[in-house]
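Biologist: Could you walk me through this one? I would like to start at the ligand and then move on to the helices and loops.

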Amino acid sequence: MSNAPMFQGQSLLVEKIDNGYAELRFDRQGDAINKFDAATVKELGQAAEALKKDGAIKGLIVTSAKDVFIVGADITEFGASFQRSEEDIVGWLEESNKSFSAIEDLPFPTVTAINGIALGGGFEMALSTDYRVSSSTAVIGLPEAKLGLFPGFGGTVRLPRLIGADNAIEWIAGGEQQKPDAALKVHAVDAVVAPDKLRAAALKLLQQAAEGKYDWKARRAQKTGKLQLNPIEAMMVFSTSKAFIAGQAGKNYPAPLAAVSAIEKAAGKGRDEALKIESQAFAKIAKTTQADALIGLFLNDQLIKKKGKAYVKAGKKVQHAAVLGAGIMGGGISYQSAVKGVPVIMKDIADKALDLGMEEANKLLSKQVERKKLTPEKAGHILSTIRPTLNYGDFKTVDIVVEAVVENPKIKKSVLAETEAQVKEGTIIASNTSSISIDELATAVKHPENFLGMHFFNPVHRMPLVEVIYGEKTSKEAIATVAAYAAAMGKTPIVVKNCPGFLVNRILFPYFYGFLGALRDGADFVKIDKVMEGFGWPMGPAYLQDVVGIDTSHHVGDVLAEGYPDRMKNTTGEKTALDVMYENKRFGQKNGVGFYKYETDPKGKPKKFADPTTYELLKPVQKGQVDMSEEEIIDRHMLPMIIETVRCLDDGIVETPTEADMGLIMGIGFPPFRGGALKYADTIGMKTILDKCAKYAHLGKLYEPTESMKKMAAEGRLYFPK
Ligand SMILES: NC(=O)c1ccc[n+]([C@@H]2O[C@H](COP(=O)([O-])OP(=O)(O)OC[C@H]3O[C@@H](n4cnc5c(N)ncnc54)[C@H](O)[C@@H]3O)[C@@H](O)[C@H]2O)c1
């Protein structure tokens, strides 16, 4: 029927379809997707009003005209929305919830046809109807916890009443995306059908409900009534899940626990009361620094991906690659390239190294087969696309060579020159060096415009970041091609201007120097690790140095000392704790002893424990022992890191605060809920940081704020304006 729509908005419309039924179709104008911004929520309420008024409608089907159903709330609105007072946020939520409840209260049955992504607010929309039919390709879930939030459009009310508190808590606290079959299993959806059958199946269900074959009123009563749990069940579900979630999420991620508390508090209430409880709890959580940082992180991630896409457009597609060196890194890079569909020649000078490289790739592929992520045939095929070799035979066919031989400038330079003579014109040559200047290495090649750094992290298959480092002469096209290749390998490229330590190590080492200073002044390394892990780091600085390798750390430290002598060179004439570890060949996890001692447990996992010898060895380089406060430990580590991040930004090493912060999160595991060093600075406030810097001014230049920091404080500016 082509009657005029009953309601037409910018994001959705309502029209009558055949036989007395109506359709509410999400079709956001001028956009490829549907999302719930404030305007759309308002339109939903108006649509419900129009539907209610009609009087002759037998049932409603809710659909989408896009590939997605509704991707969720409009996260770009969160920053400004959550600046408002708690009271205002509650008001906004209560107003929004009226739209969803109005759909739920329509005087006829309602069915959502979920055709694609239905996350967050999108799934909450579907929950407000009586039934849900899902395409087998849909993506369902309530991922708000990943943003430091929980569902605020009725998700914590309707989902537990529909699928049980235990299942709902798992969905909401975990924030994972759900497959349609899993959703069907817990009755979050009523049917799953092939995409081309979706509309017909949803309409059929609607018709059957309207004809009384299904008791839609009972279904609705279940969602709008109290949660059906007896007191003993309730106690079991809530107390066990709270204990579990507290252990999993930890104190730094308060949202999941707050969601469970809201569900519990609202359990004995009907929908409207329960929604009020949800709104109040949501407003509290929306004001946390964690939510602020995690929302920022999500937006930063999108920005970085956008940049990545632009590089893919501007660069040449790498069809065939070569890797020099089949060691830890070369082997990993070859594997990653092959797995993502770019065949690779892996060259080494030693047969044994090639065997080891292939063995490692085989091991990783077998694991994927075990986990049923790959068939044995596919794994076999991937392995066959890594070709080990001892010579330059087919190097003329490759578009890029990634050099990952030993970290020695002389060897690297000769290998690079030798390689350039073997490849066709225009081939990009990228070095995976972790510490040698790209401009210095570029002097070895005739075409420095085709040469740059491509810094992977260990283990390559797991670490998401690749620093793409350009030298003075690197061409824009070479940068774009390498960034595009990194993206094709499933990695996130961040483009960095050449400087000692590049981005990540340059910022990490001042943090390490903060650590060495705290040790010198008598702090206990075990306590430091505990405090910094409590702050949110995956491992404390002593443990991290052991994992990186004390020898590696020592070597990179030398490079940085030379690069930034004013603040990273030890000019005291006294040894540091790192020197002591290094001189005693305590290289860390790799040789079983560093700051900690390592033993393997029966499962073959390394276990660490504090070694009394470490304390003995450190005594001569420590000024007695002090019980340093948590705050001092945190400040002594974090201030040098923040300042160096600012310096990188000021020096144009990265273009934006987003790239600096994302580099730290992806490269060294900066606590995500703090958003990165610059976001952390925004959170505590630049004035406070300057005060702290003044307090530690006696510790030297590492604690000296930059002019730009003083200016930011004076002008009250943020790195990430709201
Ligand atoms: N291991 C890490 O954590 C890490 C992280 C990032 C970057 N890197 C960098 O990656 C590079 C490789 O490091 P690695 O840890 O894989 O070292 P590795 O010692 O495990 O491997 C180096 C390999 O290069 C081979 N090789 C030496 N000369 C060669 C030549 N002329 N042609 C071909 N192969 C040659 C060696 O036989 C060896 O197999 C270094 O520049 C290092 O700084 C290492």
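**Ligand, helices and loops**

Modeller: Happy to! Keep in mind that this is a predicted model.

Biologist: Which residues come nearest to the ligand?

Modeller: The shell around the ligand has 21 residues. Those that come nearest are Met329, Asp348, Glu407, Lys412 and Ser434.

Biologist: How does that shell divide into nonpolar, polar and charged residues?

Modeller: Every residue of the shell falls into one of these classes, with Met counted as nonpolar and Asp, Glu and Lys as charged. The division is 10 nonpolar, seven polar and four charged.

Biologist: How far is a polar side-chain atom of glutamate 407 from an oxygen atom of the ligand?

Modeller: Let's begin with the backbone, where a polar atom of isoleucine 328 is 3.1 Å from a ligand oxygen. A backbone N or O atom of valine 405 lies 3.3 Å from an oxygen of the ligand. For the glutamate 407 side chain, the distance to a ligand oxygen is 2.5 Å.

Biologist: And how much of the area that the ligand exposes when taken alone does the protein bury?

Modeller: Taken alone, the ligand exposes 830 Å². Of that area, the protein buries 77%.

Biologist: Are H15 and H16 roughly parallel or roughly antiparallel to each other?

Modeller: The axes of helix H15 (residues 351-370) and helix H16 (residues 376-384) come within 10 Å and cross at roughly 160°. Their crossing is right-handed. Angles over 145 degrees count as roughly antiparallel, so H15 and H16 are roughly antiparallel.

Biologist: What about H5 and H6: how do they lie to each other?

Modeller: Helix H5 (residues 155-163) and helix H6 (residues 165-174) have axes 7 Å apart and pack at about 135°. H5 passes H6 in a right-handed crossing. Given that angle, H5 and H6 are therefore oblique.

Biologist: On to the loops. Is the peptide bond from asparagine 458 to proline 459 cis or trans?

Modeller: Proline 459 sits in the loop between E15 and strand E16 (465-470). Omega for the bond from asparagine 458 to proline 459 is near -5°, and the bond is cis.

Biologist: Last one: what is phi of asparagine 19?

Modeller: You will find asparagine 19 in the loop between strand E2 (12-16) and strand E3 (21-26). Its phi is positive, in a residue other than glycine, with a value near 60°.

Conventions. Residues are numbered from 1 along each chain as its sequence is written. This is a predicted model: local features need pLDDT of at least 70, side-chain atom pairs count only at pLDDT 80 or more; totals for chains, interfaces and linings use all residues. Side-chain values use heavy atoms; hydrogens and water are left out. A residue is near a molecule or strand if one of its heavy atoms lies within 4 Å of it. A polar contact is a pair of N or O atoms within 3.5 Å; within protein, one must be able to donate a hydrogen and the other to accept it, and residues adjacent in sequence count only if both atoms are side-chain atoms. Accessible areas come from the Shrake-Rupley method with a 1.4 Å probe; for residues, only the protein chains shown count as cover. Axes are lines fitted to C-alpha atoms, for helices over the stretch in contact, and angles run from 0 to 180 degrees between N-to-C directions. Helices (H or I, at least four residues) and strands (E, at least two) are DSSP runs, numbered from the N terminus. Angles under 35 degrees count as roughly parallel, over 145 as roughly antiparallel, 65 to 115 as roughly perpendicular and the rest as oblique. A crossing is left-handed if the near helix is turned anticlockwise from the far one by less than a right angle, and right-handed if clockwise.
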